[in-house]
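Reader: I have a structure open and want to know what stands behind the terms used for it. Can we go through them one by one?

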Amino acid sequence: MESKKAPSPFAVLWGWADGEHGGFYTSVALALLGVACGMVPYFCVAAMIARLLSGGGLVECMPWCAGALVGYLGKALFSTWSTALSHTATYHILRKVRRELLAKLSRVPMGTILDTPSGQYKTTIVDRVEGMEPTLAHLLPEMTSNLLVPLAIAVYIFVLDWRMGLASLVTTVVGMLVSMQSAKNYGPRWQGAVEVGRRMANAIVEYVGGIQVVKAFSQSAGSYKRYSDAVTENAQYYVDWMAENQKFMAVMQTVIPSVLLPVLPVGLLLWSGGSLSAATFLTIVVLSLGLTGPLISAMTFVDELAVVGTNVGEISAILDAPELQRPEQEATLSGMAINLDHVSFTYKAEDGEVLHDISLDIAPGTVTALVGPSGSGKSTIAKLIAGFWDVSGGSITLGGADLKDIPLEQLNRQIAYVSQDNYLFDRTVRENIRMGRLDASDEEVERVAKAAGCDEFIRALDHGYDTICGGGGGHLSGGEKQRISIARAMLKDAPIVILDEATASIDPENEAVIQRAISNLTRGKTLIVIAHRLGTVADADNIVVINEGRIAGQGRQEELLKQCPLYAQMWNTYLGTRDGKEE
Ligand SMILES: Nc1ncnc2c1ncn2[C@@H]1O[C@H](COP(=O)(O)OP(=O)(O)OP(=O)(O)O)[C@@H](O)[C@H]1O
């Protein structure tokens with residue numbers, strides 16, 4: 001099979017820069033002009049020395065002084081102009097890439113996003129994209145120009161005297177060889193730095209997310225092992241890397257600028273032998289001093305070259321992630337019946353299949369409860385119905401149409417998914433509820449809040465409906481957050497509600513309010529509930545018992561108690577714990 005060669009990171013980067021190429025070309029042209037102007041003072045000084053040695057005075061030197069000044073001003077003007085242009089083009093590209101990354105996240109399977117630690121997305125979208133700034137804004141114009149200056153100077157020195165040309169390049173060549181040694185490891189080293197950085201970012205996000213648990217168990221930051229290990233690992237990685245690199249850097253930064261070390265003795269030897277004039281000798285001394293500055297600047301970009309691959313690779317991994325393929329055209333749905341036909345599902349090939357041959361009919365307006373031991377596959381079934389992933393085998397239909405033929409937006413309108421993670425945005429309570437339907441009026445928001453049993457506590461907040469919830473809803477209790485999420489789902493008024501019942505024990509008073517809110521939410525709708533407490537679903541139209549990814553039985557409670565030993569056992573356990581609590 002013909003394998004397609006992956007494009008180089010630079011080609012990918014240049015592709016992202018589409019629309020800004022003109023800006024970069026102009027920026028490089030201006031940088032070159034700046035460099036050319038930057039060389040003028042060296043040539044002027046060299047010419048002045050020649051005049052002075054041949055008996056010239058102040059008057060002869062004046063035009064060269066003026067020339068040097070013009071060259072200096074030209075360099076400042078053109079390089080500033082070049083930098084401004086390259087930065088404008090760069091930030092347009094960074095904006096475009098960040099927008100594309102976010103747009104992409106809305107097209108990849110929801111499950112992929114849930115599976116990826118949020119620290120990883122933050123690192124890529126913020127840090128890796130920002131990491132392209134030096135490459136785009138500086139590398140292209142500045143590295144090009146910083147390499148061309150010394151090249152032009154070296155060529156000129158060779159033209160004046162090839163022997164002195166060779167002498168002036170000795171330290172540069174030695175410095176370059178040393179720098180290549182250090183650059184050899186840069187790619188893998190940087191890749192490693194990204195890895196430890198990512199582990200640290202994930203550990204920090206997890207640590208901050210779980211700070212309440214850490215505090216509740218009186219653990220200090222240092223005792224939160226994963227976090228502190230990641231921080232130590234990150235610091236140690238850089239210390240080791242710098243220690244390894246330091247000797248190369250020291251040698252390079254000492255050797256390259258000491259260009260006079262070979263130039264002076266060789267020049268003196270040739271001059272004393274009569275084969276080099278004093279004027280040429282002094283001109284070459286001045287010019288060779290102009291060689292090293294730009295070269296050292298160009299060397300600093302070697303690091304940038306090495307990180308391009310990592311940055312582009314991480315960004316491309318998101319941009320090229322497989323998407324859920326859906327048609328643009330809305331599907332025609334005949335009713336809201338849901339049908340699972342011999343569905344199987346695998347998260348990752350290496351973990352094996354988690355759902356096997358699931359067939360299930362869910363009639364509109366009925367209550368279906370998914371019950372079963374932890375890890376049996378209840379949430380997976382619910383998420384497949386909500387379209388978070390595509391099934392691996394079999395099919396799921398809604399209103400007779402395969403989910404794969406229903407645009408995500410259309411499916412999303414039909415389903416309200418109320419998960420246990422009742423995430424609230426750092427906005428007002430009113431805005432959080434209105435996310436259910438953006439065009440809902442204030443009256444509608446308040447009406448659903450009443451039906452969800454939250455109107456009373458919302459009005460008691462400092463600013464009522466205009467109280468800011470705090471990141472993740474941090475200012476509200478778990479039960480309050482759950483009721484606001486229910487209000488949000490109610491406002492959406494979708495015909496199908498998928499509810500992941502809370503596992504955490506809620507106080508009886510709160511539980512009664514939440515149950516009332518749920519029955520208001522689901523009246524006349526299709527309800528699929530992932531039930532963790534059997535008592536709440538005993539009246540369901542269909543109880544589906546899941547065990548190890550298979551349906552172990554389904555039907556109404558009375559039938560299941562007779563026909564499904566697993567359900568009978570679960571029910572007895574439930575009764576036992578309930579009676580235990582009541583005693
Ligand atoms: N995102 C995921 N990636 C890989 N495997 C997963 C993922 N989510 C769940 N699994 C695995 O799939 C199987 C079914 O999990 P699922 O969450 O559907 O079970 P569940 O019955 O809902 O469990 P619980 O009652 O504990 O929530 C388990 O073996 C679980 O480890």
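This is a predicted model: local features need pLDDT of at least 70, side-chain atom pairs count only at pLDDT 80 or more; totals for chains, interfaces and linings use all residues.

Reader: Why is H13 called largely enclosed?

Author: A residue is buried if 20 or more other C-beta atoms lie within 10 Å of its own. Seven of the eight residues of H13 are buried, so the rest of the structure largely encloses this helix. The buried ones are Lys-378, Thr-380, Ile-381, Ala-382, Lys-383, Leu-384 and Ile-385.

Reader: What comes just after H13?

Author: Gly-387, with a positive phi of about 80°.

Reader: Which strands does H13 lie across?

Author: H13 lies across S3, strand S7 (496-500), strand S8 (526-530) and S9. Its direction is at about 150° to S8.

Reader: In what order do the strands of the six-stranded sheet run?

Author: The order is S6-S7-S8-S3-S9-S10, the sheet is open and the pairing is mixed. Strand S6 (415-418) and strand S10 (550-555) are its edges: each has a single partner strand, so one side of each has no neighbour in the sheet. From one strand to the next, the twist averages 15°.

Reader: How do you know that S3 and S9 count as a pair?

Author: Pairing takes at least two bridges. Strand S3 (residues 367-371) and strand S9 (residues 542-547) have four, in the parallel sense. In one of these, Val-371 has Val-545 in S9 as its bridge partner.

Reader: Which helix lies across S6 and S7?

Author: Helix H18, residues 478-492, running at about 175° to S6.

Reader: What is the strand order in the four-stranded sheet?

Author: S2-S1-S4-S5, open, with antiparallel pairing.

Reader: What makes S1 and S2 a pair?

Author: Again, at least two bridges are needed. Strand S1 (residues 338-346) and S2 share six, in the antiparallel sense. Phe-345 has Leu-355 in S2 as its bridge partner.

Reader: At what angle do the axes of H3 and H6 cross?

Author: Roughly 145°, and the axes come within 9 Å. The helices are H3 (residues 58-105) and H6 (residues 132-160). The crossing is right-handed.

Reader: Which residues meet there?

Author: From H3, they are Ser-82, Ser-86, His-87, Thr-90, Ile-93 and Leu-94. From H6, they are Met-132, Glu-133, Leu-136, Ala-137, Leu-140 and Pro-141. By class, the contact has seven nonpolar, four polar and one charged residues.

Reader: How many helices and strands does the protein chain have?

Author: It has 21 helices and ten strands. Of its 583 residues, 33% are buried.

Reader: What share of the contacts joins residues 24 or more positions apart?

Author: Such residues account for 79% of the contacts in the protein chain with a separation of 6 or more.

Methods:
Residues are numbered from 1 along each chain as its sequence is written. Helices (H or I, at least four residues) and strands (E, at least two) are DSSP runs, numbered from the N terminus. A residue is buried if 20 or more other C-beta atoms lie within 10 Å of its own, exposed if 12 or fewer, and partly exposed in between; C-beta atoms are placed from the backbone. Axes are lines fitted to C-alpha atoms, for helices over the stretch in contact, and angles run from 0 to 180 degrees between N-to-C directions. Two residues are in contact if their C-beta atoms, placed from the backbone, lie within 7 Å. A crossing is left-handed if the near helix is turned anticlockwise from the far one by less than a right angle, and right-handed if clockwise. Ala, Val, Leu, Ile, Met, Phe, Trp, Tyr, Cys and Pro count as nonpolar, Asp, Glu, Lys and Arg as charged, and the others, Gly among them, as polar.
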